[in-house]
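Q: I would like to learn how to read strands, helices and chain contacts from a model. Can we work through one example together?

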Amino acid sequence: MSNATLERPRPRGRSAPGSAEAAPRRRRSGWWLLLAPILAFDVVLFLTPLGKLVGASFADNAYQRVLEDPLVVRALVNTLTISLASTIVTVVLGYIIAMVLWRAGTVTRVILFAVVLLPFWTGILVKNFAWAVLLQDNGIVNAFLQGIGLTGAPIPLLHNRFAVIVGMVHCLLPYAVFPIFSSLTSIDDRLGLAARSLGAREGSVFRRITLPLSMPGISAAGLLVFIISTGFFITPVVMGGPGDMMIANQIDYYARQLTDFSGAAALAVILTVMVSILVAVYQRVLKAGGQHEDN
Amino acid sequence: MTASVISAESIPGTGRAAQGAIELRQVSKHYGDVVAVDGLDLTVQPGEFVTLLGPSGSGKTTTMMMVAGFEEHTAGTVLIDGRPVDSLPPRDRNLGVVFQNYALFPHMSALENVEFALRMRKVPRAERRQRASDALERVGLGKMGGRKPRQLSGGQQQRVALARALVFNPAALLLDEPMAALDKRLREQMQEEIKTLQKSLGITVLFVTHDQDEAMAMSDRIVVMKDGKIVQSGPPEEVYNHPITDWVASFLGDTNLIPCTIVERNGEEAVVDLGGLGLARVRDRGASGENYAVSIRPEHLKFRTRATAGNGCAAALVSSTNLGATVRHRLTAGGHELQLRELSSDRGTRILPDEELWVGWDADKAQLLVLES
């Protein structure tokens, strides 16, 4: 009797949830179809070539060959130092612009936004050649410096590392301004008022409130700008000297001048791995910094 | 300990003890053509708890911001302890401010938040720690010093904000709608705590709110503001029971407004004609205008018998609503709709539909006022 009453609901219980679950499962089962286009795109156009490239890099002892090339080592060092310098300059300048944008009235803000965005929409070649025109020996900058008597002869402003950094910073600025600006706008204005009422001067408000609270924007900007910096190719060619070539220029040299595709592939892999390690360290340091702040 | 938190520390540079007197003389704030605050005169005595009460747009927060130094007034003078502070930046005004959302520094612990003002004043580290933890102890958060604001409840955040505003012995405390974000129960608890704290410290408080219950519960004096001007100012009971305009009467709570004509004015009292309700003797504050009315709070109307002496009239019941602690009756009398509120416990028997009712009120609970609208 008790067995019968216990058993009787079972098949019903088994079948009912089964059929009830079937419907949502059927509905859920197609989710990956939505990802299919981008997956197909990525596999065909990105992952497959990348795999081929990594595979090619292991052919013909390529790593040893490229790392024994003094020009490659030089280009790697250049890439790191130029990227680091450009990142620091870009983030500092970007922070200043973001602060002005943050504090500006509506009209000033719109105009400044346009000024920041304009280079964003302009081709990098156009920007770099424009700078080359400005910075050349008989360019407007040298003419001005001579005009006010600061220098008698033209200062070499072009085809050196300074010029490369100027050209890169100009291209990179929007990538720094926007993350920093958005982290600044998320700061409650009343925090500044509260700090002032508690006796803080403007400098203290910045150092103790604004700067720490905009750190997420600064670190995002730094990361973004650094990663983009390491891939610069045109700017060292147009604005740099022979000693300012970066890794992308070496890849180009290996692929097109030497037609050494395995060497070029090895260089590409080295660059990617190097940047990945740096990004991992950077984020580890940031996280440690955040934890330290908590203590 | 009580004394040490708000010891008689002098205002920097004056050598005088901070008393906490705030005075506004003809203070105005114009935004272009818009007048936010219009020639305000206000004196807050040392140790007084004064509330600026008004709807949004009445200029109450702007007034407070001008006292704090965050907004520059376009005319007039603000004085703290008799000294004009018009050219002083907020940091030199020595006022503790608690903001509507507390404005706690999210990246600092509760203790670091409280320490901030002392850090800005270059107080040595050990003393700073001690004073900040004492201040947190005082608001009942002695063990919470290490927590970040986001790890604290709304009520705890407010206590931290209070401790932060008090730790540097300010001349006065400015509170801008500090309870707006709390639920009703917590709000009432915090009202009592702030009031107790204020009394024990003897500190001047300028409080801004749009909540008339809060103003009633906490203030020594309520300053009712409308359109950038002070409409009425006085102790809570006086403003509540003796409003000078229908707007003040309605803003401070439910009321019965009965239009009237003046028969005779005689200093504190007046005799008025209430139309269908006959003649009545009412309180008079001498306000003059074009049209007049009498305000009687619903709880001051009482069911009476015809025989009882005093002001009164026959009335018919429209509806009764039990609100828990009180019962609200809607009545008609002499062509007017009246509201009568009594304690549920006072209502022994149910009123019958055809029962003959007589309502009355004490002469000093009926207030003659000016009809603005």
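Q: Which residue stands opposite B:I22 in β4(B)?
A: Strands of a sheet pair through backbone hydrogen bonds, either parallel or antiparallel. B:I22 stands opposite B:I80 in β4(B). Strand β1 (residues 22-31) of chain B and strand β4 (residues 75-80) of chain B are paired antiparallel, over 5 bridges. Two strands pair if DSSP finds at least two bridges between them. Helices (H or I, at least four residues) and strands (E, at least two) are DSSP runs, numbered from the N terminus.

Q: What kind of model is this, and how are its residues and chains labelled?
A: This is a predicted model: local features need pLDDT of at least 70, side-chain atom pairs count only at pLDDT 80 or more, and totals for chains, interfaces and linings use all residues. Residues are numbered from 1 along each chain as its sequence is written, while chains are lettered from A and ligands numbered from 1 in the order in which they are written.

Q: What pLDDT does chain A average?
A: pLDDT is the predictor's confidence in each residue, from 0 to 100. Chain A averages 87, and 88% of the residues score at least 70. Residues 1-22 of chain A fall below 50. Beyond near neighbours in sequence, that stretch has 0 contacts in the model. Two residues are in contact if their C-beta atoms, placed from the backbone, lie within 7 Å.

Q: How many residues lie between the strands in the hairpin of β1(B) and β2(B)?
A: There are 2 residues between the strands, and B:G32 takes a positive phi near 60 degrees. β1(B) pairs with strand β2 (residues 34-44) of chain B in the antiparallel sense, over 7 bridges. Within that pairing, B:K29 has B:V37 as its bridge partner in β2(B).

Q: What is the strand order in the open sheet of 6 strands?
A: The order is β6-β7-β8-β3-β9-β10 (chain B), with mixed pairing. At the edges are β6 and β10 (229-234) of chain B, each pairing on one side only. From one strand to the next, the twist averages 20 degrees. Axes here are lines fitted to C-alpha atoms, for helices over the stretch in contact, and angles run from 0 to 180 degrees between N-to-C directions.

Q: Which helix packs on that sheet, touching β6 and β7 of chain B?
A: Helix α5 (residues 154-166) of chain B does, and its direction makes about 165 degrees with that of β6(B). B:V98 stands opposite B:L175 in β7(B).

Q: What is the pairing in the open sheet of 5 strands?
A: The pairing is antiparallel, in the order β15-β19-β16-β17-β18 (chain B). β15 (302-304) and β18 (336-343) of chain B each have a single partner strand, so one side of each is left without a neighbour in the sheet. Neighbouring strands are turned by 50 degrees against each other on average, direction ignored. Strand β17 (residues 326-333) of chain B pairs with β18(B) over 8 bridges. There, B:T332 has B:E337 as its bridge partner.

Q: At what angle do helices α3 and α4 of chain B pack?
A: Two packed helices are described by the angle between their axes and the distance between the axes. Helix α3 (residues 110-120) and helix α4 (residues 125-138) of chain B pack at about 125 degrees, with axes 9 Å apart. That makes α3(B) oblique to α4(B). Angles under 35 degrees count as roughly parallel, over 145 as roughly antiparallel, 65 to 115 as roughly perpendicular and the rest as oblique.

Q: Is the crossing of α6(A) and α9(A) left-handed or right-handed?
A: A crossing is left-handed if the near helix is turned anticlockwise from the far one by less than a right angle, and right-handed if clockwise. The crossing of α6(A) and α9(A) is left-handed. α3(B) passes α4(B) in a right-handed crossing.

Q: How many residues does each chain give to the contact between chains A and B?
A: Chain B gives 17 residues and chain A gives 17 residues. On the side of chain B, α3(B) supplies the largest share, 3 residues.
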